[in-house]
Amino acid sequence: MTTTLDRVPGPGAEAASANPAGRPRRRRPGRLRKSALPYLLLLPAVFFELLVHLVPIVIGIFMSFKKLTQFFIRDWGNAPWAGWDNYSIALDFDAPAGQALLHSFLITCAFTVLSVGLCWLIGTAAAIYLQEAFRGRGVLRALFLVPYALPVYTAVITWVFMFQHDNGLVNHVLHDQLGITDAPSFWLIGDNSFVALLTVSVWKGWPFAFLIVMAGLQNIPRDMYEASWLDGATMPQQIRHITLPSLRPVNQVLVLVLFLWTFNDFNTPFVMFGKAAPESANLISMHIYQSSFATWNFGTGSAMSVLLLLFLLLVTGLYLLYTSRGRRAADA
Amino acid sequence: MSRTRTTAIGAVTVTLALAATACGGGSATGEGSNDSPKTLTYWASNQGPDIPADKKILTPELKKFEKQTGIKVKLEVVPWSDLLNRILTATTSGQGPDVLNIGNTWSSSLQATGALLPWDEKNFAKIGGKDRFVPAALDSAGAEGEDPAAVPLYSMAYALYYNKKMFREAGISEPPATWDQLVADGKKLSKGGKWALGAEGANLSNNIHQIFVLAKQHGADWFTADGKPDFTSPGAVAAVKQYVDFMAKDKIVAPGNAEYAQNQSLSDFSKGKTAMVLWQAAASTFESQGMKDSDWGVAPVPVASGAPGHGKNTNSMVAGINMAVFKNTDNLDGATKFVKFMTSDAEQKILCKAYGSIPPVKAAQQDQSFDKPELKVLRDTLAKSAAPLPRVPDESQFETAVGTAVKNLFASAADGKDISTAAVKAELAKAEQQMNKQ
Amino acid sequence: MRDTAATTHRSPTAPPRSFLWSRRVFLTLLTGFVLLPVYVMVSSSLKPLEDVSSSFRWLPSEITVQPYLDIWQTIPLARYFVNSLIVAGAATVCSVIIAVFAAYAVSRYRFRGKRVFTVSVLSTQMFPGILFLLPLFLIYVNIGNATGIALFGSRGGLILTYLTFSLPFSVWMLIGYFDSVPRDLDEAALVDGCGPLGALFRVVVPAAVPGIVAVAVYAFMTAWGEVLFASVMTNETTRTLAVGLQGYSTQNDVYWNQIMAASLVVSVPVVAGFLLLQRYLVAGLTAGAVK
C-alpha cells in the first residue's frame with residue numbers, strides 16, 4: 001500500500017526527499033518551507049514523546065547504575081555509582097533477589113501468553129459469530145464492548161468484590177450453590193490468585209481483540225465467500241481458508257499490541273492486590289514497583305526495568321522480523 | 001546527520017541539563033528558610049473514620065492557630081495507602097509539605113534520608129523541651145543514639161478487645177491474660193460460624209505489629225545490635241509460628257481472615273462474628289459500626305505468663321503518629337510554631353480526645369477524659385509494657401519483607417496446609433535475603 | 001456506510017444448523033461472562049451496607065438508593081469527577097491534534113528520519129511505566145523550579161503525561177487512516193489554492209472523522225482509568241476518579257455498596273459515550289489500524 005503512495009508522491013513529498021534523479025518539481029518557490037514542514041508537523045509529537053518517555057527513560061537508565069537507597073534518594077544526582085551492581089543483583093539467579101525476579105518474569109510470561117491467547121480466541125470467535133446478521137446482533141455487539149469501556153478501576157474493583165473469600169459471588173456460586181468446591185476457595189491470596197488475575201485480564205481485554213477483528217472482517221470482500229461457496233466450500237473451510245488468512249495482517253498487529261499491554265500491565269494487579277501481590281500473581285511490573293517503592297531501592301528497581309525493556313525490545317524486534325519478512329521491502 | 005536527530009539530541013540535552021542543574025543543588029537538598037512566613041502546608045494522616053471527618057476535626061484547630069499567629073495552614077489529609085509514596089517522592093524532589101504526619105514506625109527509615117529536620121535540644125527547646133513527652137513515645141521518633149527525626153503527636157498501644165456477650169454465653173468470666181488461656185477460651189468461642197479471634201492476615205503492617213510483640217515474648221529481636229536483619233532466630237520463628245497457628249493449628253481464627261487487609265476484622269467484631277481482636281484504639285470504629293460501648297470490654301494483650309512488663313512480657317508496640325518538619329521548608333519558624341501548637345497541652349487534649357488516642361504529652365494525659373477504661377488500659381500499656389519497633393533505617397523494608405512472609409504463611413494456613421517450623425523458617429529466610437545488603 | 005452494507009447483505013450460504021447451535025451456546029455463555037460483573041455492580045449499589053458486608057446474595061434484602069446519596073458525602077466525588085473530566089478531556093484533545101499533525105506528515109511526506117520516527121514512537125509502548133515514573137516526576141518538579149510552571153501535582157502535568165500515553169497508538173492508527181484517504185482529494189485542494197495545512201483541515205480531516213473519533217475514544221479511556229501516575233502526581237485538589245474512588249475503603253469499613261454505586265455513576269457516562277461512538281470506532285479501526 002505504501003509503495004503505491006510513494007510512487008505517486010503527494011504534494012510536497014518530493015521536495016522533502018533528497019531526490020538526486022531530479023524529478024520535475026511543481027512548486028519551486030516553497031521548497032525550503034515545505035521541506036521543513038513535515039518536521040514542523042512532527043515537532044509537537046516528538047517534543048512530548050521526548051519529555052514524557054525518552055528523557056525519563058534515559059534518566060531511568062542512568063539511575064540503574066546508581067546506588068539509590070533511602071540514604072541517597074534525597075540527593076540522587078550525587079548518589080554513589082553502583083556500576084553493574086544493580087544488574088548483577090537482579091541477574092544472580094542463585095540469590096533470592098534474582099530468583100524472585102526470575103520467578104516473577106516466568107509468571108508474567110505464562111500470564112501474558114494465556115491472557116493474549118484467550119483474548120484473541122474469544123475476540124475472534126465472537127467476531128466471526130457476529131459476522132452474519134441476526135436478530136439481536138447490534139445489542140450483543142454493544143454489550144460486548146462494555147468491559148472495554150468500563151474504567152479499569154471500577155471493573156477490577158467489582159471483580160475483587162466478587163472474588164472475596166467470605167462474601168464473594170464466585171464462592172457463593174461455586175461452593176454454596178453448585179457445590180463444586182469442598183470449601184470456599186481463596187482467590188485474592190495464594191495460588192488461585194493467578195486464575196483470578198487471568199480472569200479479570202481476559203474479561204477486560206478480549207473486547208479489544210473483538211473490536212479489531214470485527215473491523216478486520218469488514219475488509220474481507222464478500223465475493224471471496226461467494227466464490228468459495230460456488231466451489232462447494234463448507235463454513236469451517238471458509239473460516240480456515242478465507243477468514244483467518246485474510247485476518248493475518250490484523251492479527252499481527254493485534255497480538256503485538258495485546259502482548260505489550262498485558263506484559264506491562266500494572267493497573268489490574270495493583271487494584272486487585274494492593275502493594276504486595278501474592279507470589280503466584282506477582283507480575284513483573286508489580287515486582288519492580290515493590291522492589292523500588294516498597295523497599296526504597298530505586299537503583300535495583302531501575303535496573304530491573306531496564307532489563308524488562310531490553311527483553312521487550314528483543315521480543316518485539318524478533319516478532320516484527322518474523323512476521324513482516326517480505327513486507328518490509330515494500331515498506332520503505 | 002539528519003535534522004530530526006539533531007533536534008532530538010538538542011532536546012534531550014536541554015532537558016537533561018535542566019533536570020541535572022535542578023537536581024544537583026536545587027530545592028531537594030536546600031536547607032530551611034523563612035521565605036514565606038505566612039503560609040504552611042500540612043499533610044495529615046487519616047486518623048478519623050474517613051477523610052471528611054479528619055478535616056472536620058482539624059480545620060477549627062488550624063483556624064485557631066491562624067488567629068494566634070497569622071499563619072495560614074493548607075491542610076491535606078493523605079490516605080494511608082498513598083502517604084509513604086507521597087513522602088518518598090517529596091523527599092526525592094524536594095516538593096513536599098512543610099509539616100507532615102508520619103507513622104512512627106517509619107521514623108528511622110525516613111530519618112536516614114536526611115530530609116527531615118532533626119529535633120536537637122535547640123529545636124526541642126522551642127516547643128517546650130523534651131521532658132514534656134512520654135519517653136516511650138520519644139523512643140519511636142528516630143534511630144537509637146540520634147536526635148529524633150520527629151515529635152510524637154498521637155500515641156496508641158495495642159489492647160485486647162472482647163465481646164462481653166459472647167464471653168458470657170461461652171461461660172468465660174474474665175478476658176484471657178496469657179496466650180494459653182486465650183487459646184483455651186478461643187476453642188470454646190469458635191463454633192457455629194463464630195470465631196474467637198480476628199486477624200488482618202493480608203495487612204503487612206498489622207502482621208508486623210503482632211509478630212514483633214510475640215518475638216519479644218520469645219526473647220527475640222528482628223535486628224542484631226549493629227542493625228543487621230536477623231529473621232530466622234528460633235525466637236522469631238516461634239513467634240511467627242505462634243501467630244499463624246492461631247489459624248493453622250488452634251483454629252480460633254477464621255480462615256477468611258487470611259485475605260483481610262482493610263480492617264474487615266473490626267467489622268466482623270462489631271457484628272458479633274468474632275469475639276476478640278487485638279487492636280489499637282478501636283472504640284470510635286466500633287461506635288461508627290453501631291456497637292454500644294457497653295457491649296465490649298478491653299484488657300491488656302496477653303503474655304506468655306505473668307503480668308505485662310518489659311522484656312519478655314512486652315505486650316504492645318509503641319504505636320502512634322509523629323509530626324515531622326521537612327528540612328527544606330521555606331517557613332521554618334512557622335513550622336516550629338505549628339508543631340508547638342499541635343503538641344501544646346490544650347490541643348493534645350482536644351485532638352487525642354477526638355481521635356481516641358493517648359496524648360504523648362505527659363501533662364495532657366492527666367486530663368480525666370483519658371480515664372475511661374479503654375484509654376486507661378492503653379495508657380498503662382504504653383507506659384509500662386510497650387516497646388518501639390526496631391529503630392533501624394531498614395525498618396520499612398522489614399515491614400514489607402516480613403509482613404509479606406506472614407501474609408504468605410496465612411494464605412497457606414487458610415488453604416488448610418499445616419504450618420511447620422521449617423516452613424516458617426524458610427519463608428523468613430527468604431524475607432531476610434530480600435533485605436538490602438548495605 | 002460499510003457497516004450497514006454488511007448487515008443487509010444476505011449470506012450466499014444458509015449457515016449449517018451446527019453453526020447456529022454453537023453460535024447460540026457460545027454467545028450465551030459469553031454474554032453471561034460479560035454481564036455478571038455488571039449485574040453485581042448494579043444490584044450491589046442498591047443494597048444496604050449489611051447486605052454487601054455479609055454473605056453474597058443475588059437480590060438485595062431491600063432496595064435502597066441511599067448509597068447513591070452517600071457517595072457524594074464520603075468523598076468529594078463531584079470534584080474528582082470534574083478533575084477526571086478536565087484531565088481526560090484535555091489530554092484527549094491535545095493528543096488527537098498532535099497525532100493528526102504527526103500522522104499527516106508521515107502519511108503524506110517523504111523525509112529523512114521517517115522510519116526512525118514511526119519505530120521509536122511505537123517502541124515507547126514497550127516502556128514499563130514504573131521505569132519512568134520517578135524520572136518523570138523529577139523532570140516535572142525541575143521544570144517547575146526552573147520556569148515556575150507547576151506541572152507536578154497540577155492537572156497540567158497529568159494532562160501532559162496522559163496525552164503522551166495515547167499518542168503512539170493514535171499516531172499509528174491515524175497514519176493508516178490517512179493513507180486510506182485518496183491523495184487525489186488533497187491534490188485537488190492544493191490546486192484550488194489551499195496550503196498543505198488547508199488541505200489537511202479541509203479535506204483530510206473531514207474524510208478521516210471515524211478514525212479521529214476512534215483515536216479520541218481510545219485516548220480518553222486511557223486517561224480516564226490510569227492509576228499509577230495519578231496516585232503519585234496528584235494532590236487532594238487535583239485527584240482523579242481512578243485514585244479518588246479508593247477513598248471508600250476507609251479506616252473503619254469498606255463501603256462496598258457505595259463503591260459500586262460510585263463505580264456505576266462514573267462508568268455510565270463513559271460507557272454511554274463509548275457505545276454511542278462505537279459505530280465510528282469500528283469504521284475508524286477498519287480503515288486505520290486494520291489496513
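Entry: I am working from a predicted model.

**Entry: chain A.** I looked up the secondary structure and found 15 helices and zero strands in chain A. Next I checked burial: 50% of the 332 residues of chain A count as buried. I also took the contacts in chain A between residues at least 6 apart in sequence, and 62% of them join residues at least 24 apart.

**Entry: chains C and A.** How many residues of chain C are in contact with chain A? I get 89 residues of chain C, in contact with 89 residues of chain A. On the chain C side, helix 14 (residues 256-287) gives the most, with 15 residues. That side of chain C divides into 59 nonpolar, 20 polar and 10 charged residues.

**Entry: a sheet in chain B.** I traced an open sheet of five strands in chain B, with mixed pairing and the order 2-1-3-10-4. Which strands stand at its edges? They are strand 2 (72-78) and strand 4 (151-156) of chain B; each has a single partner strand, so one side of each is left without a neighbour in the sheet. On average, neighbouring strands are turned by 20 degrees against each other, direction ignored.

Entry: I then followed strand 3 (residues 99-103) and strand 10 (residues 319-325) of chain B, which pair in the antiparallel sense over five bridges. For B:Gly103, the bridge partner in strand 10 is B:Ile321. Helix 13 (residues 332-342) of chain B packs on this sheet, touching strand 1 (39-45), strand 2, strand 3, strand 4 and strand 10. I noted about 155 degrees between the direction of helix 13 and that of strand 10 of chain B.

Technical notes. Residues are numbered from 1 along each chain as its sequence is written. Chains are lettered from A and ligands numbered from 1 in the order in which they are written. This is a predicted model: local features need pLDDT of at least 70, side-chain atom pairs count only at pLDDT 80 or more; totals for chains, interfaces and linings use all residues. Two residues are in contact if their C-beta atoms, placed from the backbone, lie within 7 Å. Helices (H or I, at least four residues) and strands (E, at least two) are DSSP runs, numbered from the N terminus. Ala, Val, Leu, Ile, Met, Phe, Trp, Tyr, Cys and Pro count as nonpolar, Asp, Glu, Lys and Arg as charged, and the others, Gly among them, as polar. Two strands pair if DSSP finds at least two bridges between them. Axes are lines fitted to C-alpha atoms, for helices over the stretch in contact, and angles run from 0 to 180 degrees between N-to-C directions. A residue is buried if 20 or more other C-beta atoms lie within 10 Å of its own, exposed if 12 or fewer, and partly exposed in between; C-beta atoms are placed from the backbone.
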